[in-house]
Amino acid sequence: MGTNASLVTEFVLVGFSRLVHFQGLLFSLFLAVYLLTVAGNLLIVALVSTDAALQSPMYFFLRILSALEICYTSVTVPLLLHHLLTGRRHIPRSGCALQMFFFLFFGATECCLLAAMAYDRYAAICEPLRYQMLLSRRVCVQLAGAAWACGALVGLGHTSFIFSLPFCGPNAIPHFFCEIQPVLQLVCGDTSLNELQIILAAALIILCPFGLILSSYGRILVTIFRIPSAAGRRKAFSTCSSHLVVVSLFYGTAIFIYIRPKASYDPATDPLLSLFYAVITPILNPVIYSLRNTDVKAALKRSIQKMGPSEI
């Protein structure tokens with residue numbers, strides 16, 4: 001095993017190399033998406049950090065989510081841009097392992113953070129009198145810290161496990177980054193047991209937070225339906241709608257990609273699905289939260305007014 005494992009020292013990320021005549025167009029498209037993602041999420045971080053009206057626990061988690069999205073998309077897109085620009089698609093084995101670790105680290109952290117945000121909405125709607133106690137500053141920091149710690153453990157566990165397996169060739173990864181399933185395709189020998197362990201671990205980190213989210217929103221819906229006025233129900237639901245959209249986008253693709261055997265991996269369509277949650281979702285989050293959140297829109301308006309010319 002040790003001899004075979006040392007045979008492959010680098011991988012080739014096939015990515016979008018087959019689209020020979022569209023490399024320049026893809027580079028421009030992904031560069032624009034990346035810059036907008038970073039700018040949009042930085043704007044959310046800046047607004048929440050500086051506006052006094054955005055200091056509730058919900059915005060504490062939103063600021064972390066936006067910072068997380070910047071890190072998440074920066075793991076894959078800059079390297080993809082380099083490959084599209086230069087045509088050089090090689091990545092050393094250590095670089096592939098590092099990219100996989102950080103992608104899993106940030107992805108698992110987001111899974112847990114979205115669950116914490118669902119708990120925040122549950123406390124705000126179902127336990128309004130105890131909201132400040134349930135979501136004190138200390139509790140928020142502990143929840144965020146637990147999310148980051150869980151993400152680090154998942155990233156380290158999966159990456160060290162996969163890269164301890166033997167790779168003896170071929171070394172072409174049919175993807176634009178070092179994703180678990182296509183890398184697992186290149187492992188030598190029978191990996192059915194390893195594959196089962198990876199699927200179970202992925203199911204644990206994805207489905208457990210998702211179950212907590214579903215449980216929180218189940219109780220939220222019961223509480224909302226008990227509100228006598230239609231206006232009250234609309235107001236209560238509007239505070240959850242942005243988070244529900246983000247959860248649907250993130251978990252929908254993550255569940256499909258990770259909780260399945262490697263034999264079902266399709267090199268033609270799966271990279272496109274990965275594009276959705278690795279590149280598209282991070283740019284949608286600031287749009288979703290800014291367009292559907294009156295507090296964020298008001299903070300943005302105040303920020304623009306402050307930057308305008310002062311009155312004489």
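Which residues touch the most other members of the largest nonpolar core? In this predicted model, they are F11, F30, L114, F163, F167, V183 and Y258, out of 96 residues in that core. Helix α5, spanning residues 93–126, gives the most to this core, with 21 residues.

**Around F11**
- Setting aside residues up to four places away in sequence, F11 touches R89, H90, I91, R93 and C96, and also F163, F167, N171, I173 and L186.
- Two of these partners, F163 and F167, are listed with F11 among the core residues that touch the most other members.

**Cavities**
- Helices α5, α7 (137–162), α9 (192–225) and α10 (230–258) each supply at least two residues of the lining.
- Helix α5 has the largest share of that lining, with five residues.
- By type, the lining of the largest cavity comprises 14 nonpolar residues, two polar ones and no charged ones.

**Q23**
- You will find Q23 in helix α2, which covers residues 23–50.
- Q23 counts as buried because its relative accessible area is 13%, and the cut-off for buried is under 20%.
- Beyond its neighbours within four places in sequence, Q23 is in contact with F16, S17, L84 and R89.
- R89 is also one of the residues that F11 touches.

Methods
Residues numbered from 1 in each chain as written. Predicted model: local features only at pLDDT ≥ 70, side-chain atom pairs only at ≥ 80, totals over all residues. Heavy atoms only, no water. Core = buried A, V, L, I, M, F, W, Y, C linked by side-chain atoms within 4.5 Å. Buried < 20%, exposed > 50% of the residue type's maximum accessible area, 1.4 Å probe, protein only. Helix = DSSP H or I, 4+ residues; strand = E, 2+ residues; numbered from the N terminus. Contact = heavy atoms within 4.5 Å. Nonpolar A, V, L, I, M, F, W, Y, C, P; charged D, E, K, R; others polar.
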